[in-house]
Amino acid sequence: MKVVLFHQHGGPEVLEYTDFPLPEPKPGEALIRLHAAALNRMDIMVRSGWPGLKLEMPHINGADGAGEIIAFGDDARELPASASSAQEAGSLRLGIGDHVVINANLGCGKCEVCLEGKDNLCREWHLLGETVRGTYAEYVSLPIKQLYRLPQDFDYHQAAAAALVYQTAWHSLLKRGKLPKGESVLIVGAGGGMNTASVQIAKYSGAKVVVVGSNAKKLELAESIGADILIDRSKEEDWSKAAFIATHQRGVDVVVDNVGTTFMKSLRALRKGGRLLTVGNSAGPKFEIDNRYIFAKHLSIIGSTMSTLDDFREVMDLIVAGKLKPVIDRIYPLRDAALAQERLWKNENFGKITLDIHG
């Protein structure tokens, strides 16, 4: 099969479009012929490497993907797709030719937390494309519980663009952040896939959405998908003050900040008793915060990674129903994955960048 892989960490030049052995589905797995994959900033961080990261080289990037089932491992036909109970299993069985989208959140399925339906807390947790070879490939083999069946006419690129960011934003905002109708949410960043998902999910939940963006064009696009208040950080010297003023000097209820280095401004923008939600640190893992803002304002910092299998099904049902719609920035052929990663790393995108696997 054709893949994009790397044999050593480094810049985009280490990515190679080449041949690689076709994976064999193990018992309990399905072999999927991928049609679309979607990029995440994690792909570039893994390619670059960090101290302690251990990969089986060569490594294949990619957490998100959608395609069709072409084969099963020996006993996989007896297993339900993304079913959390025996009652669900009958309606969720998969067959050859079914179209599916991948859940990259890989719990072991056997430990105490997995059996409780909290697979994103699994002690043996992996993320597809991070420590396990991923979806920059024509084929991938995965446990059938990681698959969600799509309508046969649903666009593969829309599905791939949705999988990781929507489940992550859904779990962070609604399950960890307990976002009720009527609260205000400030989202730091306008263009990334996680941010566009967060805008839509916050609006779907009945929140008032404030977006801080790097330029007028991205803010205009954020407004088109539901943002209520727009703050251009290229014109506002202190966007946290602008957010405070925009909420009639009350502060926002929730901040979604996956940048990291902006935490202090986010804490300042919150009302007393507010929550800062984070699922990442795109600007780097280390930064300083002033603890006085946390205890004096009774603030909470809430971290989250991916979601449960139930959350994944819940949000994908909304995607398929058209109630949430992933924003796709640009589609590249698989062989141009390095160019796609460069566009993503430079923050030139608005929404998700996807790969046409057979293009």
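Histidine 298 sits in the loop between α9 (291-296) and β15, where helices (H or I, at least four residues) and strands (E, at least two) are DSSP runs numbered from the N terminus. This histidine has a positive phi of about 55° although it is not a glycine. With a relative accessible area of 56%, histidine 298 is exposed; the cut-offs are under 20% for buried, over 50% for exposed and in between for partly exposed (1.4 Å probe, protein chains only).

A word on what you're looking at: this is a predicted model, where local features need pLDDT of at least 70, side-chain atom pairs count only at pLDDT 80 or more, and totals for chains, interfaces and linings use all residues. Residues are numbered from 1 along each chain as its sequence is written, and side-chain values use heavy atoms, with hydrogens and water left out.

- You'll find histidine 248 in the loop between α7 (239-246) and β13 (252-256), and at 71% relative accessibility it counts as exposed.
- Methionine 57 and proline 58 are joined by a cis peptide bond, with omega at about 0°.
- Proline 58 belongs to the loop between α1 (41-48) and β4 (64-72).

**Salt bridges**

- Side chains of opposite charge can pair when their charged atoms come close.
- Searching the whole structure turns up 17 salt bridges, each being a side-chain nitrogen of Lys or Arg within 4 Å of a carboxyl oxygen of Asp or Glu.
- One of them pairs aspartate 98 with arginine 149, and their closest N and O atoms are 3.6 Å apart.
- That pair links distant parts of the chain, 51 residues apart: aspartate 98 is in the loop between α2 (86-89) and β5 (99-102), while arginine 149 is in strand β9 (residues 147-149).
- Aspartate 98 counts as buried at 16% relative accessibility, whereas arginine 149 counts as partly exposed at 33%.
- Arginine 313 and aspartate 310 have side chains that meet in a salt bridge at 2.0 Å, N to O.
- Both arginine 313 and aspartate 310 lie in helix α10, three residues apart, or about one turn of the helix.
- Arginine 313 is buried, at 10% relative accessible area, and aspartate 310 is partly exposed, at 37%.
- There's a network too: salt bridges link Glu183, Arg250, Asp253, Arg271 and Arg275.

- Aspartate 311 and lysine 175 form a salt bridge whose closest N and O atoms are 2.6 Å apart.
- This pair also links distant parts of the chain: aspartate 311 is in helix α10 (residues 309-320) and lysine 175 in helix α4 (residues 156-176), 136 residues apart.
- Aspartate 311 is buried, with a relative accessible area of 4%, but lysine 175 is partly exposed, with 31%.
- The two helices, α4 and α10, pack at an angle of about 115°, with their axes 9 Å apart; axes are lines fitted to C-alpha atoms, for helices over the stretch in contact, and angles run from 0 to 180 degrees between N-to-C directions.
- α4 and α10 are therefore roughly perpendicular to each other; that label covers 65 to 115 degrees, with under 35 roughly parallel, over 145 roughly antiparallel and the rest oblique.
- The crossing of α4 and α10 is right-handed, meaning the near helix is turned clockwise from the far one by less than a right angle.

**In and around α4**

- Alanine 159 is part of helix α4, and at 0% relative accessibility it counts as buried.
- Between alanine 159 and tyrosine 148 there are 9.8 Å in space, C-alpha to C-alpha, and the two are eleven residues apart in sequence.
- Leucine 179 falls in the loop between α4 and β10 (184-188), and it counts as buried at 9% relative accessibility.
- Leucine 179 and leucine 164 are 20 Å apart, C-alpha to C-alpha, and 15 residues apart in sequence.

**A nonpolar surface patch**

- Phe287, Ile289 and Ile301 make a nonpolar surface patch of about 220 Å².
- Patches are made of residues with over 30% relative accessible area and no salt bridge; like charges are joined within 9 Å, and nonpolar side chains (Val, Leu, Ile, Met, Phe, Trp, Tyr) within 5 Å.
- Accessible areas come from the Shrake-Rupley method with a 1.4 Å probe, and for residues only the protein chains shown count as cover.
- Isoleucine 301 is in strand β15 (residues 300-303) and is partly exposed, at 37% relative accessible area.
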